[in-house]
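Subject: A structure for you to look at

Hello,

I am passing on a structure that you have not seen before. Please open it first, and then read my notes below.

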Amino acid sequence: MEKTMQIQSNSTGKLAKALLLLGLSLGYFMVLMDMTVVSVALPAIRSELGGGISGLQWVVNAYTIVFAGLLLSMGTFADKFGAKRVYTCGLALFLAASPISAAVSTLGALIGLRAILGIGGAALMPASLTLLAHAYPGLAERARALGIWAAVTGTAMAAGPVVGGLLVDSFGWRSIFLLNVPLAGISLIITFLFVRETDRKMRNSFDVGGQITAIATIAAVSFGLMEGETYSWNSPVIFAAFSLALLGAILFLIFEARSKSPLLPLRLFKNATVSAGLFAGMAINIGLSGILFVQPLFFQQTRGLSAHMTGLALLPMMIPLAFNPILTGRIVGRIGARIPMTVGFSLGAVGTLLQVWTEVNTSYVITMIGLLLIGFGVSFTIPSLMAAVMSSVPKEQTGAVSGALNSSRQLGATLGVAITGSILSGSKSFIAGMHMSFIVTTVVLFGGSLLSFVFISRKQ
């Protein structure tokens, strides 16, 4: 009898942990899919709400600007107020802002709500990692749980354009935001029922100056890049935006050097692998986000594909993200991260370069090969990058390095959309702008390959 009760207790505990992992993974899935699902809806949003290329850039980047700017702070908040509180607040923001996003009648309102969703996304990511670490204290079970959690990345990115395309064609672009409601609701219920609160570290101070200057810098440089064609590149407004960005960056470094609890400890940059990894993380997301911004516009506005067919056309790039990270992890375990990172960036650069020769009537086969190379390139690069950076620092610095790497990647995502969008806006035709944006992206990715080969540690 006692043995039976013990078995039942163990089964109940395993079920509770499985549900906890499901709830936290759903939150992460939602955050990532919100980045990619909107890409295939952009032409429909533009058709109904207007705004031009600049407006579409703000729809995408309002989310990533806030996400990148707040990511480091949310890790501090999770420690200070409890990871469960921060995580549930992030879910609540998604649950409240998503249906309102689906009901807006102006582009400005949609952009504002995307920024609010960015706050929720920034809260969810670091808090979910903290909660997983506390729920799975054993190294082996934690590794398995984190593996499942991380596998959600590729699945969400692969599902985003396809699911988004189906929803846009069937129910209109507003339906992509309603998708968040059941995901956030289920995750919120599971979190309340099965997730325990973490210990609060009330002695942790908050780097207010660093946070304000970080957001100001990212927003100012994004504004300058995205609105350069609107105001003209030599206008006082654009000059002021870039000047503010430079001033914000300088003040951010000063605050970080003087703060007792900096958002980004500058000592991390003494490690060559960390420094190179942060720039590499920015580079890979510049490429990925720039391509995801341009390619759906090309498929729908130039090739005349529906949103659903656009999602399917993007699958060669997205599918490798769902399965190849597992293979990459094994390769990194055997030979280290340097070679897979270098190869990944190179594949992405070659795949992007192939798109430079894409015209209106070019066979999709060429586009497909290019997208496939980009997908494998990204899926080789990101897991290798994370392994290289995280293994290059002592255990007590892994939290700070993880936050810095995620922030640099989100900054890269913001810059990718801003740069490619500004090139499109300033070109005589969409095709000419697309070709130039792909050339710039190719240079960035080849730069990432060189950076990886030279500076990433050869040691595992």
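A residue counts as buried under 20% relative accessible area, as exposed over 50%, and as partly exposed in between (1.4 Å probe, protein chains only). By that scale F323 is partly exposed, at 43% relative accessibility. Please keep in mind that this is a predicted model, where local features need pLDDT of at least 70, side-chain atom pairs count only at pLDDT 80 or more, and totals for chains, interfaces and linings use all residues. Residues are numbered from 1 along each chain as its sequence is written, and side-chain values use heavy atoms, with hydrogens and water left out.

Now to the aromatic rings. A pair of aromatic rings is described by the distance of the centres and the angle of the planes. Rings of Phe, Tyr and Trp (its six-membered ring) pair if their centres lie within 6.5 Å; planes under 30 degrees apart are stacked, over 60 edge-to-face, and the rest tilted. The count by this rule is eight aromatic pairs. One of them joins F299 and Y364, a tilted pair with 6.5 Å centre to centre and 55° between the planes. F299 belongs to helix α12 (residues 272-302) and Y364 to helix α16 (residues 364-390), so the pair links distant parts of the chain, 65 residues apart. Helices here are DSSP runs (H or I, at least four residues), numbered from the N terminus. F299 is buried, with a relative accessible area of 1%, while Y364 is partly exposed at 27%.

What kind of pair do the rings of F323 and F376 form? Their centres are 6.0 Å apart and their planes stand at 80°, so this pair is edge-to-face. F323 lies in helix α14 (residues 315-335) and F376 in helix α16, so parts that are 53 residues apart in sequence are tied together. F376 is partly exposed too, with a relative accessible area of 25%. Elsewhere, ring pairs link W58, F223 and Y231 into a cluster.

A ring also meets a charge: the charged end of R338 sits over the ring of F453, 4.0 Å from its centre. The rule for this asks for NZ of Lys or CZ of Arg within 6 Å of the ring centre and within 35 degrees of the ring normal.

Finally, have a look at T310 in helix α13 (residues 307-313). T310 is buried, with a relative accessible area of 0%, and its side chain reaches the backbone oxygen of S306 at 2.8 Å.

Best wishes

Methods
Helices (H or I, at least four residues) and strands (E, at least two) are DSSP runs, numbered from the N terminus. A polar contact is a pair of N or O atoms within 3.5 Å; within protein, one must be able to donate a hydrogen and the other to accept it, and residues adjacent in sequence count only if both atoms are side-chain atoms.
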